[in-house]
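Trainee: Please take me through one part of this model closely. I would like the cut-offs along with the numbers.

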Amino acid sequence: MADQTKDHGVVETAEGTELPADALVVAENVHKSFGRLEVLKGIDLQVKRGEVMCVVGPSGSGKSTFLRCVNHLEKLTAGRLWVNGELMGYRQKRGRLYELRDTEIAAQRSDIGMVFQRFNLFPHLTVLGNIIEAPVQVKKVPRAEATERARELLERVGLPDKADAYPEQLSGGQQQRVAIARALAMEPSLMLFDEPTSALDPELVGEVLDVMRDLARGGMTMVVVTHEMGFAREVGDSLVFMDDGVVVESGTPADVLTNPQHERTQAFLSKVL
Amino acid sequence: MGGPGSKEPTPGRSAAPITAVPVRYPERWVAAGIILVLAAMFVHMLFTNPAFNWPFMFDNMFSDPVLRGVWVTLSATVLSMVIGVLLGVILAVMRLSGNPVLVTVSWLYTWFFRGVPRLVLAVLFGNIAILYSTIHIGLPFDNYWMPWLGLEGDARFFEIDARTLLTGYTAGLLALSLSEGAYMAEIIRAGLQSVDKGQTEAAQALGMSRSRIMRRITLPQAMRVVIPPTGNETIAMLKDTALLAYVPVTIELFYQLQAIGTRSYQIFPMLVAACLWYLAITSVLMVGQYFIERRFNRSGRGVRQSIVGGAH
């Protein structure tokens with residue numbers, strides 16, 4: 001939990017680290033290795049409340065891995081990562097780190113929504129079942145209340161008549177919109193998108209981006225790993241270009257996309273734009 | 001069809017259907033002829049060989065002890081499968097838990113109970129009272145540490161006579177259940193592993209704990225993979241209840257049929273009666289299995305909707 005503001009612009013976390021008050025996500029020198037392969041080589045990033053940050057870069061650059069580190073689906077090898085002033089996955093006491101229990105990590109994650117490239121809807125549950133599962137099971141919201149809220153969310157993502165359908169009866173675009181509604185049902189303060197449109201047929205990309213654009217307008221803090229440069233330019237507040245496990249360049253989308261400083265950025269953008 | 005501005009699609013030209021002389025297969029007729037003759041010989045033997053003694057068989061295969069034996073067979077099948085499935089779930093979850101102690105225990109269990117024949121297990125459990133004539137519930141190794149601490153007496157709270165607890169039926173049922181647990185563990189493990197990893201990740205991202213993910217997300221999806229082989233296991237178990245005759249469980253179907261045969265020197269008719277009974281029950285189970293599998297293999301849970309309909 002974020003403690004009281006010390007002086008303007010800075011908050012002190014439970015373990016005594018001072019973080020910028022307006023930052024929802026703070027990554028400090030984040031490293032991640034899979035065996036000998038170092039995928040993240042020291043990521044420093046801050047996402048402000050209400051900010052939409054788009055992360056772009058070639059495949060294998062570590063952008064998805066970074067996103068998965070944010071909600072602790074991947075354990076960091078080194079560095080620290082805070083969300084909402086909470087150190088993810090650990091408790092720091094007298095200079096020592098203690099791993100959190102499964103249920104404590106689950107509690108941290110329940111405040112962070114995530115949307116996956118392959119949707120990952122639960123195929124044995126209806127659309128409604130998918131959306132109310134976590135609120136009912138984790139947050140203990142009464143079923144009737146959760147159902148009502150789920151119907152509002154379905155309305156919001158443009159699928160009011162699909163509540164009783166099973167995921168396999170929906171198109172990819174519809175499934176992804178349900179996945180977004182499912183994540184929103186937990187009323188998260190942060191939404192992570194891991195290439196949400198990469199598995200979609202081209203004509204279905206727009207409907208998902210529309211929902212995300214709407215969400216951004218509503219003030220949601222979002223980190224979006226994407227290849228949709230048009231979306232990044234139009235909706236993103238900031239753009240981060242990653243390559244080979246490091247942040248090569250970041251800034252406003254307009255700056256990075258039209259006037260890339262680094263030659264790796266230039267090379268990448270010349271291929272995708 | 002046909003976008004804006006395009007002409008009417010060209011209609012296909014008509015053509016005469018192909019008429020050709022089909023290939024003949026004379027060897028099929030020869031094979032069918034041979035098999036027909038063999039079948040006729042077999043049926044003729046069924047009716048003429050006196051060893052079958054059909055009237056005796058029909059008189060005895062529905063007698064009270066035999067019907068009670070059928071009931072015992074059915075109850076033993078159901079009970080051992082229920083215990084076996086529960087054990088299997090526990091063992092499979094242990095095996096996949098990542099906890100080295102639980103993984104090893106689960107592996108050792110499966111190794112032992114899959115490695116020893118069921119018949120041997122059944123006889124072994126029938127004689128377990130040799131090992132423990134009484135079963136005590138209390139603190140372990142009390143005969144060592146109580147004197148060492150200078151205490152009198154024992155730390156046993158109550159005891160059961162193993163010869164009453166582990167009667168033939170209980171012992172046999174235990175052998176079959178424990179053995180089944182090992183096979184079901186492998187089946188359920190395969191089922192759990194067949195569930196896409198993305199399912200667990202999505203549930204984790206929603207803030208669900210590991211045990212809740214197992215109960216609500218992974219296990220229900222594993223059922224599709226687990227159900228068909230479990231049907232096979234049930235049918236196999238029904239047949240394996242015949243092994244209870246060697247525990248011995250005297251009220252069991254095969255034991256009863258054999259007993260009638262031995263007493264009346266009509267062994268063969270009663271063996272045929274056993275075949276007919278097991279065939280009859282397994283046939284019923286196979287019909288049940290067919291419907292259960294059809295239900296679980298169904299991919300579309302309703303009318304598959306047009307995929308195109310969802311585009312913006």
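Mentor: Start with B:Tyr265, which counts as exposed because its relative accessibility is 73%. The cut-offs are under 20% relative accessible area for buried and over 50% for exposed, with partly exposed in between (1.4 Å probe, protein chains only). B:Tyr265 sits in the loop between helix 11 and helix 12 (267-297) of chain B. Helices here are DSSP runs of H or I with at least four residues, strands are runs of E with at least two, and numbering starts from the N terminus. The phi of B:Tyr265 is near 55°, a positive value in a residue other than glycine.

Some ground rules before we go on. This is a predicted model, in which local features need pLDDT of at least 70 and side-chain atom pairs count only at pLDDT 80 or more, while totals for chains, interfaces and linings use all residues. Residues are numbered from 1 along each chain as its sequence is written, chains are lettered from A and ligands numbered from 1 in the order in which they are written, and side-chain values use heavy atoms, leaving out hydrogens and water.

Next, confidence. pLDDT is the predictor's confidence in each residue, from 0 to 100. Chain B has a mean of 87, and 91% of its residues reach 70 or more. Within chain B, helix 7 (residues 162-165) has the lowest confidence, with a mean of 68, and helix 9 (residues 197-205) the highest, at 97. Residues 299-312 of chain B fall below 50; this stretch has 23 contacts in the model beyond near neighbours in sequence. Contact means heavy atoms within 4.5 Å. For the complex, the predictor gives an ipTM of 0.91 and a pTM of 0.80.

Now the part to look at closely: the interface. Chain A gives 36 residues to the contact and chain B gives 29. About 2,900 Å² is buried between chain A and chain B, and carbon and sulfur atoms give 50% of that area. A:His124, A:Glu168 and A:Gln169 supply 21% of what chain A buries against chain B, more than any other three residues. Buried area is the accessible area (1.4 Å probe) that two parts lose on being put together, summed over both.

Polar contacts come next. Eight residue pairs are in polar contact between chain A and chain B, both residues at pLDDT 80 or more. Helix 2 (102-109), strand 10 (112-115), helix 3 (127-137), helix 5 (172-184) and helix 6 (202-217) of chain A each give two or more residues to the side that touches chain B. That side has 15 nonpolar, ten polar and eleven charged residues. A polar contact is a pair of N or O atoms within 3.5 Å; within protein, one must be able to donate a hydrogen and the other to accept it, and residues adjacent in sequence count only if both atoms are side-chain atoms. Ala, Val, Leu, Ile, Met, Phe, Trp, Tyr, Cys and Pro count as nonpolar, Asp, Glu, Lys and Arg as charged, and the others, Gly among them, as polar.

Then the charged pairs. A salt bridge puts a side-chain nitrogen of Lys or Arg within 4 Å of a carboxyl oxygen of Asp or Glu. Three salt bridges cross this interface. One of them joins A:Glu133 and B:Arg216, with the closest N and O atoms 2.7 Å apart. The pair runs from helix 3 of chain A to helix 10 (residues 210-240) of chain B. A:Glu133 counts as buried, because its relative accessibility is 4%. B:Arg216 is partly exposed, at 28%.

Look at helix 3 of chain A as a whole. Eleven of its eleven residues are buried. Its cover includes helix 4 (143-156) and helix 5 of chain A, along with helix 10 of chain B.

B:Glu201 meets A:Arg68 in a salt bridge at 2.7 Å, N to O. B:Glu201 also forms a salt bridge with B:Lys197, the closest N and O atoms being 3.9 Å apart. B:Lys197 is exposed, at 61% relative accessible area. B:Glu201 is buried, at 12%. Shared partners join A:Arg68, A:Glu74, B:Lys197 and B:Glu201 into one salt-bridge network.
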